[in-house]
Amino acid sequence: MKRILGVLALLYAAKAHAAGGDLVYSVRDADTHALMPAKLTFIGTKGTPTPQLTFNDIGRQEGGAVAAWNRLMSLTGEGTLHMPAGRYDVWVSRGPEWTAQVLHDVVIGGKADAKIDTTLKHVVDTRGFLSGDFHVHASSSPDSQVPMQDRIYEFCSDGVELIVSTDHNIVADYGPIITQLGAGRYLASIAGDEMTTGGWGHFGAFPLERDRERAGQGAVFVHGRSAADFFADVRRIAPLAIIDVHHPRIDDEIGYFNLTHFDSGSDKAQRPGFSFDFDALEVLNGYQDSERKHVDKVIDDWFALLDHGHIVTATGNSDTHHLDHNIGGYPRNYIVVADDDPQHLTPEQVAADVRGHRSFFTTAPFVRLTVGNQSYGDLVRVGEGQKLVKAHLEVQAAPWVTVSSITVYLGGHELKKIPVPASTDVLRFAGDIDVPLTRDTYLVVRVDGNKPLAPIVGDLIRFDVRPMALTNPIFFDVDGNGRFDAPQKRR
């Protein structure tokens, strides 16, 4: 079936080529003037329909780029794209750390080739962090057509620095393809698996060793077994790996918490074989970017887990299966790292940082939260008799991203709501927050924007993504025993 779709895509491209024109483009870093990866999004205007450069999820190779649907994803930052004649607004971007440009009413198919020569500026200061999507599907999954090569073009053009393969019950490896494309300075990879079950849900595990001699190339065996069983297998065969519960409440067919009738308030599941032996919880899944009520429920679950002593990391991942919706990197995680060069990343260090809660997730806003020199995942030891500390918060966003509100949570309860005025300044908020302390507790910040990221991300029809970020906790030791004591932890 995939081969037939590929042939149809070629026939469609040939037909479009006969009745179109060329766009010559170059995109450079405004500071260094070097060519760089970028994404071009085309929206038809003045009667021209929005183009379909392909009609499926198999990209069309265009030199150092691939075209799919109404977007071009370029690794080199320059080239020529043949496309249907007409008039288009062209959005040029490279993800939420960069400015974006829109060129209005670009004419394709005129007497001369259309030309775009523009620059983007890196404006969000992410030093000390590396961005990664821990839940990614490609053609190794039976429900995805996307070639692994196309994922690399997509992630580089949208500024994601780490891709984790989590195809269904198979371990895939992007590393050789990244090397082949010469993309290692932009993108690192980790091999993993989405443990996909018929009755327990879906679970990410990474890093895993790929083994071509084993079923699923080293995937964890899940058929006919409980969550407790295959979690234990991960601990045995890959003791450093992260287990991330994917979309725990997405529905009653693949949501772990729904399938097991888990009540986070009482900290009990009704189904035997339920296990708390996971390291992370996917609080925001890309298919639920616009479903805030659903996300709010999972946030409540996460707070309840923390309160009961299950100290797991909140993650946000795209769960991308396609190239036209739930796009890779929305959301993405920012991991605190000693060296933020993707070429120096090691899978074991990423796993340790995620297990240590040294991260936050976001669809666009960038958040720094500190207490003194301590941040996400750290334990702040409070002096005897100290009833108040100050946390410092900074929120940045590229000019095309909205930030409208900040919610500060203490111990899972709203401490403060901060409205943020509309602005195109990069720094949207900077200030200190008073944190009252009476017992061991934890501090979390959520950031929301009130306008979609379309057309750079999403189309407002099938795929509506709004700005949102959620930090992992900073923990407080108030009673002086050198640890965080969860208020409802079983003893």
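Start by selecting the largest pocket, which holds about 500 Å³ of space (a pocket is an open set of points on a 1 Å grid over the protein atoms alone, where a 1.4 Å probe fits, with protein on both sides within 12 Å along at least five of seven lines; lining residues have an atom within 4 Å of a point). Of its 19 lining residues, R94, W98, H122, E161 and Y186 are the closest to the centre.

A word on what you are viewing: this is a predicted model, where local features need pLDDT of at least 70, side-chain atom pairs count only at pLDDT 80 or more, and totals for chains, interfaces and linings use all residues. Residues are numbered from 1 along each chain as its sequence is written, and side-chain values use heavy atoms, with hydrogens and water left out.

Next, show the second largest pocket, with about 360 Å³ of space. Select T50, W69, N70, D324 and D459, which lie nearest its centre among 19 lining residues.

Pick F303 and Y409: with centres 5.2 Å apart and planes at 55°, the pair is tilted. Both F303 and Y409 are buried (under 20% relative accessible area, 1.4 Å probe, protein chains only).

Then select Y334 and F360, a stacked pair with centres 5.5 Å apart and planes at 20°. Y334 and F360 are buried too.

Finish at one aromatic cluster: F203, F230, F231, Y256, F257, F262, F274, F276 and F278.

Conventions:
Points joined across faces, edges and corners; volume = space filled by probe spheres on them. Phe/Tyr/Trp six-rings, centres within 6.5 Å; stacked < 30°, edge-to-face > 60°. Buried < 20%, exposed > 50% of the residue type's maximum accessible area, 1.4 Å probe, protein only.
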